[in-house]
Amino acid sequence: MSTDTENMDFCEALWNEYEPKLRQLCQYKLASCPEEIDEAIGDAYLALCSAVSNGTELKNPKAWLFTITNNIIKLKYTEHNERKKNLVSFESVGCKLYYDIDFIDIKFTDEVLYQIKDEIYNELLPAEQTLLILIYTKKLKYKEIARILHSTEKAVKQKHYRLKRKIKQIAKEKLKNYN
């Protein structure tokens, strides 16, 4: 019987060997939804670790990993298309985008911040724009957004966190022009 340490070592060795090719596969097949690539890779790693820790015998680990990853890609692609159906366009909201960017922690006049809001918004992916609208304009809770986007509340929170970091980075770049 294998110990947990041996299982994890086996899992790590397999992952280190095949991860670059799995990432290439995900990048190729999920090119139309790049925000799903890292999530698919993470899910494949978790599936591998789970199988190894449960004692699943992997007679052909390479084939098993690529099959699991392909299945995950199909799921991600389907989920992405479902969410895409529910995207809310900025124009369809019919109002100026009012979202609070106080979390940027950069001290500039309100006039400058208001000017760059639209520039920041235009640099975001459509899914990120939708998330902004649902959170800041529609003022929906994570649970409601998760239901609308066919996602989980945890995933929505993570995407919101990443989105705030991305907006902060874009804002810093934009504000350099106003110095």
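This is a predicted model: local features need pLDDT of at least 70, side-chain atom pairs count only at pLDDT 80 or more; totals for chains, interfaces and linings use all residues.
The crossing of helix 1 past helix 2 is right-handed, meaning that the near helix is turned clockwise from the far one by less than a right angle.

Which residues of helix 1 and helix 2 make the contact? From helix 1, they include Phe10, Leu14, Trp15 and Leu22; from helix 2, Ile41, Tyr45 and Leu48 are among them. Contact means heavy atoms within 4.5 Å. Sorted by class, 15 nonpolar, three polar and four charged residues take part. In this sorting, Ala, Val, Leu, Ile, Met, Phe, Trp, Tyr, Cys and Pro are nonpolar, Asp, Glu, Lys and Arg are charged, and the others, Gly among them, are polar.

Turning to the whole chain, there are eight helices and zero strands. Both are DSSP runs numbered from the N terminus, helices being H or I with at least four residues and strands E with at least two. Of the 179 residues, 37% are buried, that is, under 20% relative accessible area with a 1.4 Å probe, protein chains only. Among contacts between residues at least 6 apart in sequence, 72% join residues at least 24 apart. The accessible surface comes to about 11,200 Å², and 52% of this belongs to carbon and sulfur atoms; the areas come from the Shrake-Rupley method with a 1.4 Å probe.

Two residues give a closer look. Tyr18 lies in helix 1 and counts as buried because its relative accessibility is 14%. Leaving aside neighbours within four places in sequence, Tyr18 contacts Lys62, Leu65 and Phe66. The C-alpha atoms of Tyr18 and Pro61 are 9.4 Å apart, although 43 residues separate them along the chain. His160, for its part, sits in helix 8 (residues 153-176). With 6% relative accessibility, His160 also counts as buried, and beyond four places in sequence it touches Leu131, Ile135, Tyr136 and Tyr142.

Residues are numbered from 1 along each chain as its sequence is written, and side-chain values use heavy atoms, with hydrogens and water left out. Local features need pLDDT of at least 70 and side-chain atom pairs count only at pLDDT 80 or more, whereas totals for chains, interfaces and linings use all residues.

Definitions and conventions: Buried means under 20% relative accessible area, exposed over 50%, partly exposed in between (1.4 Å probe, protein chains only).
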